[in-house]
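This report concerns a predicted model.

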Amino acid sequence: MNQQELQSLRALIASHKRWDFLFGVLGVLALMLGVMTFVALFADMTINGIGRINIDFLTSFPSRRAANAGILSAWVGSVLVMLVTACAAVPLGVAAGVYLEEYAPKNWFTDIIEINVTNLAGVPSIIYGLLALGLFVYTFGLGQSILTAGLTLALLILPVVIVATREAIRAIPQIIREGAYACGATTWQVVSDHIVPYSSAGILTGVIIGMARAIGETAPIITVGALTFIAFLPPAPFTGDPSAGLFDWLFAPFTVMPIQMFNWTSRPERAFLDNAAAAGFILVLMTLTMNGLAIWLRYRLRKNIKW
Amino acid sequence: MIAHAEHDVAEVVPPLKAEARNLSFHYGSFQALKNINMPVYERKVTSLIGPSGCGKSTYLRCFNRMHDLYPGNRYDGTIEFHPDRTDLLSKAVDPIEVRMRISMVFQKPNPFPKSIYENVAYGLRVRGESARSVIDDKVEAALKGAALWGEVKDRLKELGANLSGGQQQRLCIARALATDPELLLFDEPTSALDPIATANIEELISELKERVTILIVTHNMQQAARISDYTAYMYLGEMIEFGVTDQIFIKPRRKETEDYITGRFG
């Protein structure tokens with residue numbers, strides 16, 4: 001190759017590399033657009049709300065006076081509703097996912113179920129709210145309660161849990177399954193000794209991501225009848241007179257963080273908007289904590305899984 | 001009959017452990033095994049050789065009903081298992097029962113992502129054994145049987161996956177041995193290992209035949225010649241020739257076997 005050919009080759013490579021550079025810049029811009037939007041939003045909320053965040057804000061009930069108002073009933077409501085959601089969605093979702101992967105025969109019937117599960121993830125959340133209003137509130141008579149809200153959100157995140165479970169199970173190499181079956185294990189022994197333990201990191205991640213979505217849901221919770229102003233907590237077990245039962249709190253009226261925020265943003269006074277920003281800051285913090293927990297748990301659990 | 005070809009060689013025929021009769025196997029509409037007849041003799045090593053795709057692994061996996069795990073598979077014929085003459089392929093026989101009597105070691109080491117101890121103990125746990133002292137003893141015996149005890153006795157709590165490839169394969173052999181199987185199946189157990197680990201496994205197999213019948217698939221003819229008492233040559237789903245290993249390698253009866261052995265084909 002002579003000097004001139006070498007020169008033109010280098011020029012060609014340089015012109016090809018311009019596309020690498022161009023796409024790199026575009027990619028960073030696209031990434032920034034998403035990240036910066038969130039950062040700007042979060043920063044704005046922090047600036048407006050930070051002045052309101054103190055212990056009193058967390059331990060006070062809502063009030064007509066913005067300066068005295070707090071989010072006690074909202075965050076307690078959110079935590080309790082999430083507890084119900086997790087208790088309902090995890091066993092149902094994991095069982096469904098395990099069944100579809102390890103037990104179900106492959107035929108047209110299970111194909112239809114699979115398509116349905118995937119589609120459920122795309123159903124608007126307000127539809128779940130209407131379903132829950134009809135089913136849980138009116139048909140089952142569970143009332144406009146923490147139980148109803150928790151079950152509604154459980155339905156909402158069930159597809160997420162099922163899909164996460166199935167994907168985690170599919171990541172287990174077939175040769176591990178065969179090794180277990182070759183030891184004389186039944187399908188149930190393979191599932192309980194191997195499949196579920198080895199996929200627990202992926203399942204947990206899916207559950208927490210689902211929960212992080214559920215904690216910010218407003219529409220279905222309003223539909224089933226959460227209160228917008230509530231100045232008492234659900235009864236703790238074995239307190240009050242007459243003494244509350246172990247599960248009485250499940251049937252108590254409630255509110256949740258996004259509804260509290262929604263309520264405050266609709267007020268004309270500037271001070272309530274600051275309250276809303278402060279509540280939003282705490283809600284985002286709760287979500288980020290859950291996501292962080294998911295990452296940490298995944299790391300912890302995967303450390304002991306090597307194929 | 002192919003099955004009795006070794007009668008020509010002046011040798012006492014050992015007792016039978018299993019015998020395949022008119023065994024055919026279909027994956028859906030594809031016939032992978034065609035009318036196979038072959039004995040497996042007790043406490044002997046029997047090798048299955050043949051080019052890729054000849055059906056030797058498929059044949060091996062009939063013995064522990066591994067094909068039952070997947071839909072659309074069909075067995076025809078019988079594999080009679082001695083001394084009780086149970087037909088391993090019969091629909092009336094639970095594949096779980098078959099797998100409890102017959103252990104398997106796979107091509108790629110597949111330890112569970114559990115501790116070394118739990119890997120070996122798994123077969124016992126599946127059988128409902130819960131007495132710690134019994135499990136301890138059997139785990140130790142199995143690891144000794146797999147020539148791994150000396151290397152792992154101080155690290156039984158560590159993950160099986162932390163061992164080297166050859167050690168992992170011996171761990172899988174220990175897992176298979178822990179339940180005192182009557183027949184041990186090996187599916188190309190050294191194909192993923194380096195030469196030293198391969199030599200260790202081969203030596204181990206020669207020791208193991210004192211206590212257990214062994215059926216091994218290998219694509220390495222030298223390995224078959226080194227470790228096995230009997231050898232079967234398969235091609236395109238058919239059993240071409242079965243006989244004493246020396247006879248197969250020194251004076252094969254069939255032209256196809258000779259071509260494969262001498263490297264003119266395959």
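How many salt bridges are counted between chain A and chain B? The count is one salt bridge. It is formed by the side chains of A:Glu178 and B:Arg61, with an N to O distance of 2.7 Å. On the side of chain A that touches chain B, α7 (174-182) and α8 (187-215) each supply at least two residues. The largest share of this side, eight residues, is contributed by α7(A). Sorted by class, the side of chain A that touches chain B holds 11 nonpolar, seven polar and four charged residues.

The following table lists totals for the interface.

| Quantity between chain A and chain B | Value |
|---|---|
| Residues of chain A in contact with chain B | 22 residues |
| Residues of chain B in contact with chain A | 25 residues |
| Buried area | about 2000 Å² |
| Share of the buried area from carbon and sulfur atoms | 62% |
| Residue pairs in polar contact (both at pLDDT 80 or more) | nine residue pairs |

Within chain B, four strands form an open sheet in the order β2-β1-β4-β5, and their pairing is antiparallel. Each of β2 (30-41) and β5 (86-87) of chain B has a single partner strand and stands at an edge, so one side of each is left without a neighbour in the sheet. Strand β1 (residues 16-27) of chain B is joined to β2(B) by eight bridges, and the two run antiparallel. Across this pairing, B:Leu23 stands opposite B:Ile36 in β2(B). In general, strands of a sheet pair through backbone hydrogen bonds.

Methods:
Residues numbered from 1 in each chain as written. Chains lettered and ligands numbered in written order. Predicted model: local features only at pLDDT ≥ 70, side-chain atom pairs only at ≥ 80, totals over all residues. Heavy atoms only, no water. Pairing = 2+ DSSP bridges. Contact = heavy atoms within 4.5 Å. Buried area = accessible area lost by both parts, 1.4 Å probe. Salt bridge = Lys/Arg side-chain N within 4 Å of Asp/Glu carboxyl O. Polar contact = N/O pair within 3.5 Å; in protein donor to acceptor, adjacent residues only side chain to side chain. Nonpolar A, V, L, I, M, F, W, Y, C, P; charged D, E, K, R; others polar.
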